[in-house]
Amino acid sequence: MTANAFTSVCLDPPTLLVCVAHNTITYGYVEEQKRIGVNVLREEQEELGRYFARRPEQREGNPEYSYTMGEHDVPQLDGSMVFFNCDIVGSHVYGDHTIYVGEVKEMRSSGEDANPLMFYDSHWYHPMH
């Protein structure tokens, strides 16, 4: 899935927050596995961000991507800027979403200079262009 946003919760221990809709495959996975991976895409990966933003039955095309498995079999998209592998340590149901708090257990950075893929005001946003 492509999330609209995620945010840092605190630095000690390092935790982040992400919201997942109940009608997604990701929701079932997170509920079962009690972990989540967050991949920060680079702006060149907009096609991939758009693809995973759609429901599986509405996905058209087949963008090229590959991934490697992080600890505990959490997929890291190859080429992403940053990857966070988190154990779920808290959750709160609100409406049709669950707000998950994940404690970061693994973080990988590409180490390359790149611009993040951003979504703002219902549009993909490229601040450097």
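A residue is called buried here when its relative accessible area is under 20%, exposed when that area is over 50%, and partly exposed in between, with a 1.4 Å probe and protein chains only. By this scale Glu106, at 10% relative accessibility, counts as buried. The structure is a predicted model, in which local features need pLDDT of at least 70 and side-chain atom pairs count only at pLDDT 80 or more, whereas totals for chains, interfaces and linings use all residues. Residues are numbered from 1 along each chain as its sequence is written, and side-chain values use heavy atoms, with hydrogens and water left out.

**Overall build**

The protein chain holds two helices and nine strands, where helices (H or I, at least four residues) and strands (E, at least two) are DSSP runs numbered from the N terminus. Read from the N terminus, the order of these elements is β-β-α-β-α-β-β-β-β-β-β. The radius of gyration is 14 Å, close to the 14 Å that the globule rule gives for 129 residues, so the protein chain is as compact as a globular protein of that length; the radius is taken over C-alpha atoms, and the rule is 2.2 Å times the number of residues to the power 0.38. Along the principal axes, the C-alpha atoms fill a box of roughly 35 × 35 × 30 Å.

Buried residues account for 33% of the 129 residues in the protein chain. Taking contact to mean heavy atoms within 4.5 Å, 60% of the contacts between residues at least 6 apart in sequence join residues at least 24 apart.

**Selected positions**

Ala3 sits in the segment before strand E1 (6-11) and, at 33% relative accessibility, counts as partly exposed. Its C-alpha atom is 7.6 Å from that of Val20, a residue 17 positions away along the chain.

Arg35 belongs to strand E3 (residues 35-40) and counts as buried, with 16% relative accessibility. Apart from neighbours within four places in sequence, Arg35 is in contact with Tyr29, Val30, His72, Val74, Cys86, Asp87 and Ile88.

In helix H2 (residues 46-53), the buried residues are Glu46, Leu48, Gly49, Tyr51 and Phe52. The cover over these buried residues of H2 includes strand E5 (75-77) and strand E9 (123-125).

**Salt bridges**

A salt bridge is defined as a side-chain nitrogen of Lys or Arg within 4 Å of a carboxyl oxygen of Asp or Glu, and a search of the whole structure finds six of them. The table lists some of these pairs.

| Glu112 | Arg42 | 3.7 Å |

The salt bridge of Glu112 with Arg42 links distant parts of the chain, since Glu112 lies in the loop between strand E7 (97-109) and strand E8 (118-120) and Arg42 in the loop between E3 and H2, 70 residues apart. Glu112 is exposed, with a relative accessible area of 54%, whereas Arg42 is buried at 11% relative accessibility.

Glu46 and Arg50 are four residues apart in helix H2 and are therefore separated by about one helical turn. Of this pair, Glu46 counts as buried at 18% relative accessibility, while Arg50 is partly exposed at 38%.
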